[in-house]
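These are my notebook entries on one structure. I record below what I looked up.

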Amino acid sequence: MKQKTWTARKEDLQGDWYVVDATGVALGRLASSVARLLKGKHKPTYTPHLNTGDHVVVVNAAKILVTGSKLDNKIYTHYSGYPSGLRTRTLRKAQELDPTFPITNAVKGMLQRNTLGADMLKRLRVYAGPEHEHEAQQPKAIRFNPAGDIDLG
């Protein structure tokens, strides 16, 4: 008798809601933990070709921790497609204009570059302040331990 491998189906999937406080957490550690939750890699039902991830709400995005001289040395570039259309912006300037941009951009870079990754990114909500509009979903709070990893329980 053969042992069959169980794989998740679309109708088996359900997404939980988590809220993460970004106050004093390093940008890269926060982004990798959030990307892991969005992918669903923390679940035993993880299936690579399905969106098994959860919804993540990040609050206090304006209070992230950036180490070293990254505020002035990290550069974000955007090309409009036209001649002389290359625009650059430092992390400091990007945070001033939109405090949610660095987190969203970092998490987006850690997800796969196809329609599944775009679907995972839709489950991410980032807010600059402590208020968010997802209390009705009763999100579970996530804490970061001293090593920078998440504690789900």
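In which sense do strand β3 and β4 pair, and over how many bridges? I note that the model is predicted. In it, β3 (residues 75–79) and β4 pair in the antiparallel sense, over five bridges. I looked up Ile75 and found its bridge partner in β4 to be Thr90.

I then checked burial in β4 (residues 86–90). Of its five residues the number buried is zero, so the strand lies largely in the open.

Next entry: the nonpolar cores. I find 28 residues in the largest core; Leu30, Val34, Val56, Val58, Ile103, Val107 and Leu124 have the most contacts inside it. At least two residues of this core come from each of β1 (17–21), α1 (27–39), β2, α3 (91–97), α4 (101–109), α5 (115–121) and β5 (124–126). The most is given by α1, with seven residues. For Val107 I listed contacts beyond four places in sequence; among them are Ala31, Val34, Leu38 and Leu124. A second, separate core has five residues, including Trp17, Val19, Val57 and Tyr127.

Last entry: Asn60. I located Asn60 in the loop between β2 (55–59) and α2 (70–73). Is Asn60 buried or exposed? Its relative accessible area is 8%, which is under 20%, so I record Asn60 as buried. The side chain of Asn60 makes a polar contact with the side chain of Asp21, at 2.7 Å. Leaving out residues up to four places away in sequence, Asn60 also touches Ala22, Thr23, Tyr127, Ala128, Gly129 and Pro130.

Key: Residues are numbered from 1 along each chain as its sequence is written. This is a predicted model: local features need pLDDT of at least 70, side-chain atom pairs count only at pLDDT 80 or more; totals for chains, interfaces and linings use all residues. Side-chain values use heavy atoms; hydrogens and water are left out. Helices (H or I, at least four residues) and strands (E, at least two) are DSSP runs, numbered from the N terminus. Buried means under 20% relative accessible area, exposed over 50%, partly exposed in between (1.4 Å probe, protein chains only). A polar contact is a pair of N or O atoms within 3.5 Å; within protein, one must be able to donate a hydrogen and the other to accept it, and residues adjacent in sequence count only if both atoms are side-chain atoms. Contact means heavy atoms within 4.5 Å. A nonpolar core is a set of buried Ala, Val, Leu, Ile, Met, Phe, Trp, Tyr and Cys residues joined through side-chain atoms within 4.5 Å. Two strands pair if DSSP finds at least two bridges between them.
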